Amino acid sequence: MNELLSRGESVHFVIYRSKEQQAALDALVKQYKLPVTWVDDAEQALEFYLKQKPEWVIFGNTFDGSTKLKGVCRTALMQHGIGPKAVYYTVSEADFDVRFVEGEYRLKRLQEMFPDKLFIDTGYAKLDPIVQRKEAGLELSALGLDPDKPTLLYAPTFYPSSIEKMAKDWPAQFSEYNILLKPHYFSLSKPAYKKQKQLLEHWASFDNAYLATAEQTNLLPFMASADLLISDASSALFEFAALDKPVVWCDFYHLRWSYRGIFKFRFNQRMDEDLYRYAGVAVHAKTYKELKSVVDQQIAEPDSYAPQRAQYTYELAGKVDGLCSQRIVNFLTS
């Protein structure tokens, strides 16, 4: 948006109303002063696109009506994360004119899967503000934290998640650190994950911990402020590694019974083969008991995994030079 506006282009947002996430959406629209049209479903969105006939519609996910936009406007896909989930590939089955891709490896793999589609390697635009130092981060003292302590960011995904496997008093066991709790917003907003929310709110009661609100959807200020990330198989893990900061990957996570034993194939379907290919991007904690010693070691030796981070970042995120948005807009305006 900012790059388009800087070149004199106009930008308009189409956002779906959401019973569970409306407060977060309203906060984002207000914070960034977004010109927005609200819709209830894909049918309303399609009706709006057909009426407005914009030059481009840029989607963040698959869209069933994309074929009906042929000849009306051009369509692009920008996925909202990097990492090992199979959905990052399967969304390209949708009929878009172009997909912007993060890195040579993903470009090559997508091109092999969908030889007739157009993919452009631009890098991962989400990280541009941190790389350009436009994202200042959080004011730790204003959150009740100690600016002189090293800061850990715990950013688990919602499923399969390590949340249920963490100790109930783990912030106390990590008392020499600040702890920023930044879960996936499903953990805070969806009734199915209310037990995760209860645990997160309990951890936030410790003096050295801060829990992001559901309205604080942007991970960038948290990543900019943290010295180390603790996560499971989430996009955040690869995003943080792309900033060349140490990451601890939790191999312990809670699986529903429907994903265990003879049903483990469901878990394997959910997680892409990249999960195992890129396991070397971070040091691993196989159990919660190992977590503290692994974190201490990585804080003491933050560069010990730098070569691995550089290698995998090149494949998963592409160029991390702060110019990804420029490359995307160069294509859109050409």
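Is Glu 55 buried or exposed? In this predicted model, Glu 55 turns out to be exposed, with a relative accessible area of 55%. That puts Glu 55 past the 50% cut-off, which is why the residue gets that label. The side chain of Glu 55 meets that of Arg 74 in a salt bridge, with 3.9 Å from N to O. Glu 55 sits in the loop between helix 3 (42–52) and strand 3 (56–59), while Arg 74 belongs to strand 4 (residues 74–78), so the pair ties together parts that are 19 residues apart in sequence. Arg 74 is partly exposed, at a relative accessible area of 39%.

This pair is one of 13 salt bridges in the structure. Side chains of opposite charge can pair when their charged atoms come close. Another case is Lys 70 with Asp 95, whose closest N and O atoms are 3.3 Å apart. Here Lys 70 lies in the loop between strand 3 and strand 4, and Asp 95 in the loop between helix 4 (87–90) and strand 5 (98–101), so this bridge links parts that are 25 residues apart in sequence. Both ends are partly exposed: Lys 70 has a relative accessible area of 38%, and Asp 95 has one of 25%.

Now for the nonpolar side chains, starting at the surface. Met 1, Leu 5 and Tyr 32 make up a nonpolar patch there, and together they have about 260 Å² of accessible area. Tyr 32 is in the loop between helix 2 (22–31) and strand 2 (36–39), and counts as partly exposed at 37% relative accessibility.

Nonpolar residues also gather in cores. The largest nonpolar core has 39 residues, and Leu 153, Met 223, Leu 229, Phe 238 and Val 281 have the most contacts inside it. Two or more residues of this core come from each of helix 5 (104–113), helix 10 (220–225), helix 11 (235–242), strand 11 (247–250) and helix 15 (306–316). Helix 11 gives the largest share, six residues. Apart from this core lies another one, of 27 residues, including Ile 163, Leu 181, Leu 200 and Leu 228.

Methods:
Residues numbered from 1 in each chain as written. Predicted model: local features only at pLDDT ≥ 70, side-chain atom pairs only at ≥ 80, totals over all residues. Heavy atoms only, no water. Salt bridge = Lys/Arg side-chain N within 4 Å of Asp/Glu carboxyl O. Helix = DSSP H or I, 4+ residues; strand = E, 2+ residues; numbered from the N terminus. Buried < 20%, exposed > 50% of the residue type's maximum accessible area, 1.4 Å probe, protein only. Patch = residues over 30% accessible without salt bridge, like charges linked within 9 Å, V, L, I, M, F, W, Y side chains within 5 Å. Areas by Shrake-Rupley, 256 points an atom, 1.4 Å probe, with all protein chains shown as cover. Core = buried A, V, L, I, M, F, W, Y, C linked by side-chain atoms within 4.5 Å.
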